[in-house]
There are 2 protein chains.
Amino acid sequence: MDEHVVAEAWRYVLATHAKAMCALERELGDRHGLGPSEFEVLDRIVHHDRKLRLQELCDEVHLSQSALSRVVARLEKAALVSRDACSSDRRGVFVCITPEGRTRHAAALPTQRAVLQEIFAGAPALPGLAR
Amino acid sequence: MDEHVVAEAWRYVLATHAKAMCALERELGDRHGLGPSEFEVLDRIVHHDRKLRLQELCDEVHLSQSALSRVVARLEKAALVSRDACSSDRRGVFVCITPEGRTRHAAALPTQRAVLQEIFAGAPALPGLAR
DNA sequence: GTGCATTAGATGCCATTGCATGATTTCTTG
DNA sequence: CAAGAAATCATGCAATGGCATCTAATGCAC
């Protein structure tokens, strides 16, 4: 692939990621007391609509296993999820979203959508995917 | 813009950023002892081919002013750049790349290019930009 | 069943980052 | 010129992340 195109694509990814992450951190944090990672985890659980093993979550979020472990720990401390033992494999841990977790996620979702909308609307973003 | 398209674009940005950053960190780190931020700063200076004010750099890299200050401090400790006083504005600091800095950058550049090439070749990436 | 490799998840440690703030210098206003 | 506002860069601090490692549980080979 042409080197110049790669460089341009990389600059686009870097810029978009930086802008979006920064905005998400600010908006989700100020408005809902959630970090992007916390929201992401809640979002994945809501999306699947069932309790998930930590390892399953690990495949879906772009975090190391250790970072995910800590995010879940923070969420549990905030009572937004609970960690339940897995009866079939006692090493495993199920992460269950609590009612309060659902509420917080539902409240934060429009904020996240709005931020991303804003970012990607501003710059045509991904012309190839955008139709 | 369609909500689904935005979500897809955001997933693309997240995934590409994570994969590329991780690979860059590994390859640049192992092969050349540079982090992505360090390389980025060297690259910007080489690109402009002159000494830059810290603030100018700040506009070009996606780092906070404080993070940039520390990256430059690390680069200085590694003797890859020098911090020179700015005579016209004694608050300012010029960042000059050293000969060794140029050498290291030149050595690392192909690695960076190869990593990005690999990432963006693997998945067609940005069809809209990719031709 | 015993022992060894493997897997799941938690944790110690360290590096990097952003925010708030500090110190110094420059600019602006009167 | 004096005083306060603004700009530039450095630094204290806390949060987050990854790597290596630890513990516990499972699976595999014999």
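1. Strands here are DSSP E runs of at least two residues, and helices are H or I runs of at least four, both numbered from the N terminus. This is a predicted model, in which local features need pLDDT of at least 70, side-chain atom pairs count only at pLDDT 80 or more, and totals for chains, interfaces and linings use all residues. Residues are numbered from 1 along each chain as its sequence is written, while chains are lettered from A and ligands numbered from 1 in the order in which they are written.

2. Staying with chain B, strand S2 (residues 81-85) pairs with S3(B) in the antiparallel sense over 5 bridges; pairing requires that DSSP finds at least two bridges between two strands. Strand S1 (residues 52-53) of chain B also runs antiparallel to S3 (residues 93-97) of chain B, joined to it by 2 bridges. Arg53(B) has Phe94(B) as its bridge partner there.

3. Now for chain A, where 3 strands make an open antiparallel sheet in the order S1-S3-S2. S1 (52-53) and S2 (81-85) of chain A each have a single partner strand and stand at the edges, so one side of each lacks a neighbour in the sheet. S1(A) pairs with S3(A) (residues 93-97) over 2 bridges, and Arg53(A) stands opposite Phe94(A).

4. Two helices pack on that sheet. H2(A) touches S1 and S3 of chain A, its direction making about 85° with that of S3(A). H4(A) touches S2 and S3 of chain A, at about 115° to the direction of S2(A). Contact means C-beta atoms, placed from the backbone, within 7 Å.

5. How do these helices meet each other? The axes of H2(A) (residues 36-48) and H4(A) (residues 65-77) come within 10 Å and cross at roughly 85°. Axes are lines fitted to C-alpha atoms, for helices over the stretch in contact, with angles from 0 to 180 degrees between N-to-C directions. The two helices are therefore roughly perpendicular (65 to 115 degrees). Ser37(A), Glu38(A) and Val41(A) of H2(A) meet Val71(A), Val72(A), Arg74(A) and Leu75(A) of H4(A).

6. Finally, the DNA. Of the 22 residues around DNA strand D, Ser64(A), Ser66(A), Ala67(A), Gln55(B) and Ser66(B) come nearest; a residue is near if its C-beta atom, placed from the backbone, lies within 6 Å. H4(B) gives the largest share of this surface, 5 residues.

Note on methods
Angles under 35 degrees count as roughly parallel, over 145 as roughly antiparallel, 65 to 115 as roughly perpendicular and the rest as oblique.
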